[in-house]
Amino acid sequence: MPIYKIKKENMETIAPLFAGWQESLIWSCLQGCMGEAWADSEENPKSARILLADFCFFAGKASRELVTEEIRNQVRDFVIMVPPLHGEGELWAQEIERAYGGNCKRVERYAIKKEPGIFDKGHLAKIAGSLPKGFELKMIGEEIFAQTKKSQWSVDFTSQFSGYKDYQKRGLGAAVLADGELVSGASSYTVYRGGIEVEIGTREDYRRMGLASACGAKLVLECMERGLYPSWDAQNWWSVKLAEKLGYHFDRAYPAYEVYQLQQ
């Protein structure tokens with residue numbers, strides 16, 4: 001069965017298949033902001049996938065072709081595949097397992113509720129101002145943007161933007177510096193109309209010092225000032241607990257597949 005790449009101006013044809021998803025990366029693609037989509041038909045699709053950054057989302061009738069075709073051309077060696085929670089979710093999961101075998105691992109990720117208006121500015125300002133001595137909290141400008149590209153732990157703070165001008169126009173981020181060196185950050189992994197998806201992390205040798213909390217609090221405050229919603233999705237319980245510290249609420253766990261060695 002052939003698959004078809006969906007043009008940005010035709011995203012409405014697959015939008016009903018993704019109805020009910022509370023996932024900003026899906027919204028970003030459907031809105032034409034970032035990402036790409038494919039379906040089993042251009043006019044009347046029954047199956048579709050959205051690929052943005054390291055994530056691949058499926059909807060509709062399970063399709064082996066959408067699980068495999070052109071994936072290797074779009075990503076390097078790793079992707080997180082997310083079957084739908086309802087409908088044919090388990091059938092999609094079976095197709096992923098059959099296609100990638102030992103190169104895929106089923107994991108749990110953790111959805112965080114999207115609740116505009118819940119954040120406490122005073123609480124966040126206190127966290128943002130609680131850095132230990134010797135550290136500096138700054139918004140990500142051109143110099144820090146360049147630093148994000150130099151290390152694997154920080155590259156996804158800015159990796160989905162074509163360059164600094166694109167990030168300056170559409171992105172947003174906060175960073176902690178030690179002697180001018182980037183050691184922690186919270187930034188827009190992706191963007192959609194009205195919000196961002198948060199990417200947060202700290203260099204391994206600077207963890208457990210409250211740096212990510214300060215960055216996250218500063219980023220949420222900046223989003224509030226600009227009328228943006230900082231969407232959060234957690235890879236692990238550490239991320240869940242950090243989100244809750246900032247004022248978010250846990251929603252649910254959901255299954256996903258980490259798929260490796262796509263270029264073999």
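Reader: Before we start, what does "buried" mean here?

Author: A residue counts as buried when its relative accessible area is under 20%, and as exposed when that area is over 50%, with partly exposed in between. Please keep in mind that this is a predicted model.

Reader: Then is Glu 222 buried or exposed?

Author: Glu 222 has a relative accessible area of 17%, which is under 20% and therefore makes this residue buried.

Reader: Where does Glu 222 sit, and what is in contact with it?

Author: Glu 222 belongs to helix H8. Apart from neighbours within four places in sequence, Glu 222 is in contact with Met 139 and Leu 172.

Reader: How many residues of H8 are buried?

Author: Twelve of the 16 residues of H8 are buried, so this helix is largely enclosed by the rest of the structure. The buried set includes Leu 211, Ala 212, Cys 215, Leu 219 and Cys 223, along with Glu 222.

Reader: What span should H8 have, going by its residues?

Author: Helix H8 covers residues 211–226, and at 1.5 Å a residue its 16 residues should span 22 Å. The C-alpha atoms at its ends are 23 Å apart, which agrees.

Reader: What comes just after H8?

Author: Gly 227 follows, with a positive phi of about 70 degrees.

Reader: Let us turn to packing. How are two packed helices described?

Author: The description uses the angle between the two axes and the distance between those axes.

Reader: At what angle do H8 and H9 cross?

Author: The axes of H8 and helix H9, which is made of residues 237–246, cross at roughly 50 degrees and come within 10 Å. That angle makes H8 oblique to H9. The crossing of H8 past H9 is right-handed.

Reader: Which residues meet there?

Author: From H8, Ala 212, Ser 213, Gly 216 and Ala 217 meet Trp 238, Leu 242, Lys 245 and Leu 246 of H9. By class, this contact has five nonpolar, two polar and one charged residues.

Reader: And what about H5 and H8, at what angle do they pack?

Author: Helix H5, residues 121–128, packs with H8 at an angle of about 140 degrees, and their axes are 7 Å apart. H5 is therefore oblique to H8. H5 passes H8 in a left-handed crossing.

Reader: Which residues make that contact?

Author: On the H5 side the contact is made by Lys 121, Leu 124, Ala 125, Ile 127 and Ala 128. On the H8 side the residues are Ser 213, Ala 214, Ala 217, Lys 218, Val 220, Leu 221, Met 224 and Glu 225. They divide into nine nonpolar, one polar and three charged.

Reader: Changing topic: what is the phi of Ala 53?

Author: Phi of Ala 53 is near 55 degrees, a positive value in a residue other than glycine. Most residues other than glycine have a negative phi.

Reader: Where is Ala 53, and is it buried or exposed?

Author: Ala 53 lies in the loop between strand S3, residues 47–52, and strand S4, residues 55–60. At a relative accessible area of 16%, Ala 53 is buried.

Reader: What about Glu 70, what is its phi?

Author: Glu 70 has a positive phi too, near 65 degrees. Its place is the loop between helix H2 (64–68) and helix H3 (71–74). With 34% relative accessibility, Glu 70 counts as partly exposed.

Reader: Which loop holds Ala 62?

Author: Ala 62 is in the loop between S4 and H2. Leaving aside neighbours within four places in sequence, Ala 62 is in contact with Glu 88, Leu 91, Trp 92 and Glu 95. From Ala 62 to Glu 142, 80 residues apart in sequence, the C-alpha separation is 43 Å.

Reader: And Ser 162, buried or exposed?

Author: Ser 162 is exposed, with a relative accessible area of 74%. Ser 162 lies in the loop between helix H6 (142–148) and helix H7 (164–170). The C-alpha atoms of Ser 162 and Val 79 are separated by 20 Å, and the two residues are 83 residues apart along the chain.

Key:
Residues numbered from 1 in each chain as written. Predicted model: local features only at pLDDT ≥ 70, side-chain atom pairs only at ≥ 80, totals over all residues. Heavy atoms only, no water. Helix = DSSP H or I, 4+ residues; strand = E, 2+ residues; numbered from the N terminus. Expected span 1.5 Å × (residues − 1). Buried < 20%, exposed > 50% of the residue type's maximum accessible area, 1.4 Å probe, protein only. Axes fitted to C-alpha atoms, helices over the stretch in contact; angles between N-to-C directions. Parallel < 35°, antiparallel > 145°, perpendicular 65-115°, else oblique. Left-handed = near helix turned anticlockwise from the far one by under 90°. Contact = heavy atoms within 4.5 Å. Nonpolar A, V, L, I, M, F, W, Y, C, P; charged D, E, K, R; others polar.
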